[in-house]
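User: Please take me through the pockets and the helix packing here. I want each label set against its definition.

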Amino acid sequence: MMTKKIKTVFVNPIYKDKATVLKTGEETKGAYTLGELVVYPGGGNFMHTHSIFEETFTAIKGTLGVAVKDKKYFLKPGESYTIPLHTPHHFFNSSTEPVTCHVKFTPAHDDFIKGLAIGYGLAADGSTDKRGTPRSFMHLALLISLTATKPVGMMGYLYPVFKWLAKRARKNGMEKALLEKYYYA
C-alpha cells in the first residue's frame, strides 16, 4: 500500500502567518510535533485552550507576543514559553517585522497538522470570515476537533455541539474530502 504524501507548508492570509512542519509525531515516535511559524506584522490567532497537549513557543527571529490568560509575554530569540493544558492563550506579532518561532506540541498531535491544513486552505479559498473562522459550522467543528482546540468565551459554550458536528462531518465524508483537497500533496 502506498502512503500519500502530505503537504508541509501552509499559509493563512487571514492570520497573516506561514506554518512549516519540521517534525511529525511519527518521526518523533509520539514524543512531540514541531513546526516553524512565521507571523507577519499584525498577525496572530484567537484566545483558546488545548486539552491533550502542551504548546511551547520559542522565538527564533524577532519578538513573538504570547498572551496567557490576562498577561502578555514578549519572547526574544532563544526564549520559550510553555502553555499548560487547559490554559487560555494566543500568539501575536505587534511589531513591524515578521517574527519566526518554533511551536512544539507535547505529546505529539499530528491531527493538528490536518486541522491546520484545512483551516489555512479554507482561509486561502475565501471560505472563512475576516477573523479566519470557517463560514461552515461543520468545517469549524472539524477544525476544533482535529486541533484539540477549545475557543474561549461564548464559542466555548458550544464545544459539545462542535464535537457532535465533527462526528457527523466524519461520518458523511466531509473530513476525508477536505483532507484530500488541503492536506495531501
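**Pockets and helix packing**

Analyst: The largest pocket is lined by 39 residues, with Tyr 15, Asn 45, Phe 46, Phe 112 and Thr 149 nearest its centre. This is a predicted model: local features need pLDDT of at least 70, side-chain atom pairs 80 or more, while totals for chains, interfaces and linings use all residues. Numbering starts from 1 along each chain as its sequence is written, and side-chain values use heavy atoms, without hydrogens and water.

User: What makes a set of points a pocket, and what makes a residue part of the lining?

Analyst: On a 1 Å grid over the protein atoms alone, a pocket is an open set with protein on both sides within 12 Å along at least five of seven lines; lining residues have an atom within 4 Å of a point. The volume of the largest pocket is about 820 Å³. H1 gives the largest share of its lining, six residues.

User: Why is H1 called roughly antiparallel to H2?

Analyst: The axes of H1 (residues 111-124) and H2 (residues 137-146) come within 8 Å and cross at roughly 150°. Angles over 145 degrees count as roughly antiparallel, so H1 is roughly antiparallel to H2. The crossing is left-handed: the near helix is turned anticlockwise from the far one by less than a right angle.

User: Which residues of H2 make the contact?

Analyst: His 139, Leu 143 and Leu 146 do, against H1 residues including Phe 112, Ile 118 and Leu 122. Contact means heavy atoms within 4.5 Å.

User: What is the volume of the second largest pocket?

Analyst: About 230 Å³. Its lining has 14 residues, among them Ile 6 and Tyr 183. E2 gives the most, three residues.

Technical notes: Axes are lines fitted to C-alpha atoms, for helices over the stretch in contact, and angles run from 0 to 180 degrees between N-to-C directions. Helices (H or I, at least four residues) and strands (E, at least two) are DSSP runs, numbered from the N terminus. Angles under 35 degrees count as roughly parallel, over 145 as roughly antiparallel, 65 to 115 as roughly perpendicular and the rest as oblique. On a 1 Å grid over the protein atoms alone, a cavity is a set of points where a 1.4 Å probe fits but cannot get out, and a pocket is an open set with protein on both sides within 12 Å along at least five of seven lines; lining residues have an atom within 4 Å of a point. Grid points are joined across faces, edges and corners, and a volume is the space filled by probe spheres set on the points.
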